[in-house]
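Please look over the model shown here with this briefing beside it. The points below are grouped by topic.

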Amino acid sequence: MLTAILFIIIMAGVSTIILGVVSAQTIPSYLDQKGTKTVYSAQAGIQAALSIIRSGSTLDTTSGNYYGDPTKMPCTVTGTSNGLSDGNSYSVSIAYFTLDPTGQSASWITTNQLACKTGTLAQYGTSAYGLSTTPKYALITSAGTATQIPVVTTQANRSITALYTFQVSTANILGGLIYNNGQTACLQAVKAASGQAIAFVAASSCSSTGTNAALQLWSYTTNWQIALTSTEVGGVVTTASLCITGPTVSGGATQNALLKSCQKSTASARWNQLWSWTGSYTWEGELSDISGPNGNAWLSPPYADGTSPIGKDLEVVNATSPIGTMAPSAQVGAGAASYDKDQIVNYAEFGRCTDVTNQPQPDTDAYPMIDYPCKQDPTGGTTNITWNQLWYYCEVGDAGCDTTVDPTNQQIYVLYNNSASSKYCLTTPSTTASNPRPTTPATTAANQFPYFAACATSGALVAQQNWDRVYVGDDYLDSYLFVDTYGRCLEANSSDIFSGDISYITVNSCTGASYQKWNAPPTYTDSTVGGYREISGG
């Protein structure tokens, strides 16, 4: 009996100890379970946010491509991790940046994140969304929650972050409006079909994003064709595209320009689709053997400048000069202009090249230099490009340049009338002396007009004619610049206008803006997601 009683006492004690141990482990077990649930919920939130970000695109009707749309970027996302109302959920906040936030402080994050617009997206629930600036990075923070356990209320909620890098390309997309020289009208295809005419419509109805954009946007291609942008396939001109086409006989009578199927770049029959921009403020056709400019085939309004062409068709004029002149927007494109053609193309105004204004002898020119539509030679050379757009310099690493020239401290020069004995160098205005020309429009010390002068071998002008060509700097902002001896950058200054939307060329404080980039290739960054880390947990 005593043995039985003793055994019962011992078992009771052991049971009490076991109960205490089990009780002590209950909460940690619950915490472990909840922690597992909440980290999975947080991960589900990251994936949900990525899905929305990656699908935030808009169809570009002119090219047929989808592009990321900043206005569709969510700034908060909420939801359940398993689609059930069992308390397992996530709450995501997204901060967007143009600079990489990796390793930055909390204050830097707050200062540099892009502002979000507010609104609702029904498919995502109520959230703040929409950016007015194109982002390069998204810092995603996802907090996971689960059903609370007894006693413990907030422990074991876990949060993780991840960094998403957007796929970004700086490639310029062709497609712009072509106006008459007075910009009272623009070109609009009557219909996107072969054989159709091209009419002038009132400028008030011209828009790159309007309902008629598919009939109003044009691309001047590297093959010297002018294509209706909406007929391109993925941004590429094919035989299914439509191009502005001239007479079928070289030197034919004045007639309407028509849309016809774009010829292949190797087809000899393409001659009446080849157009070279000239100093006559319009495009000139090519001879049938593609040996040079036609001289008697000009794209022109039917009326002289100053008379409205609205309601009339674009003509190919058989004359020694056009009747009226044209004013393409920069987005129409630069044709085949490039460094290989001894031309300097602006990156923001990507249909424009540096140009000696009005073609006088450079050192007597009374006007600033301009960023003018790029002149062309459809024969493939440079013979038919007027001398005032042939600006010579050495690109960094170009083996074809004079090896005695330092490409980072060099002259930029033109040859007046293509004569080697008439060499003139681009000269930056001194910061200590008055600018010898021009005085109109007014300039400031930080924003002045460079000019051409005889190339100097001694004296003060030597320094003023030295330019640093920064092709690839520390980053994109520091690249593709021409920097003068005073540390200022060559710029197509859109706030100083020569005519229409043709900018003066100035030197200004270096900012890395696209208006200061010249002969710059596009950049491309692929999308990535990484940098996962837990920032809180139970």
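Which backbone nitrogen does the side chain of glutamine 389 reach at 2.7 Å? The side chain of glutamine 389 reaches the backbone nitrogen of lysine 375 at that distance, 2.7 Å. This is a predicted model, in which local features need pLDDT of at least 70 and side-chain atom pairs count only at pLDDT 80 or more, whereas totals for chains, interfaces and linings use all residues. Residues are numbered from 1 along each chain as its sequence is written, and side-chain values use heavy atoms, with hydrogens and water left out.

**Glutamine 389**
- Glutamine 389 is found in the loop between strand 24 and strand 25 (413–415), strands being DSSP runs of E with at least two residues, numbered from the N terminus.
- Glutamine 389 counts as buried because its relative accessibility is 0%, where buried means under 20% relative accessible area with a 1.4 Å probe and protein chains only.
- The side chain of glutamine 389 also reaches the backbone oxygen of proline 373, at 3.0 Å.

- Strand 15 pairs with strand 17 (residues 258–261) in the antiparallel sense over 4 bridges, pairing being assigned if DSSP finds at least two bridges between two strands.
- The bridge partner of isoleucine 244 in strand 17 is leucine 259.
- Ile244 is also, with Trp218, Ile226, Leu299 and Leu314, among the residues that touch the most other members of the largest nonpolar core, which has 34 residues; such a core is a set of buried Ala, Val, Leu, Ile, Met, Phe, Trp, Tyr and Cys residues joined through side-chain atoms within 4.5 Å.
- The elements that give two or more residues to this core include strand 15, strand 20 (293–300) and strand 31 (502–509), and strand 11 gives the most, with 3 residues.
- Another core, of 22 residues, lies apart from it and has Ile46, Ile53, Leu131 and Ala162 among its members.

**Cavities**
- A search of the whole structure finds 3 cavities of 30 Å³ or more, a cavity being a set of points on a 1 Å grid over the protein atoms alone where a 1.4 Å probe fits but cannot get out.
- The largest cavity holds about 80 Å³ of space, a volume being the space filled by probe spheres set on the points.
- Of the 13 residues that line the largest cavity, Asn181, Met326, Ala327, Ser499 and Ile502 lie nearest its centre, lining residues having an atom within 4 Å of a point.
- Strand 22 (residues 326–328) gives the most to this lining, with 3 residues.

Definitions and conventions:
1 Å grid on protein atoms, 1.4 Å probe; cavity = no way out; pocket = protein on both sides within 12 Å on 5 of 7 lines; lining within 4 Å. Buried < 20%, exposed > 50% of the residue type's maximum accessible area, 1.4 Å probe, protein only. Polar contact = N/O pair within 3.5 Å; in protein donor to acceptor, adjacent residues only side chain to side chain.
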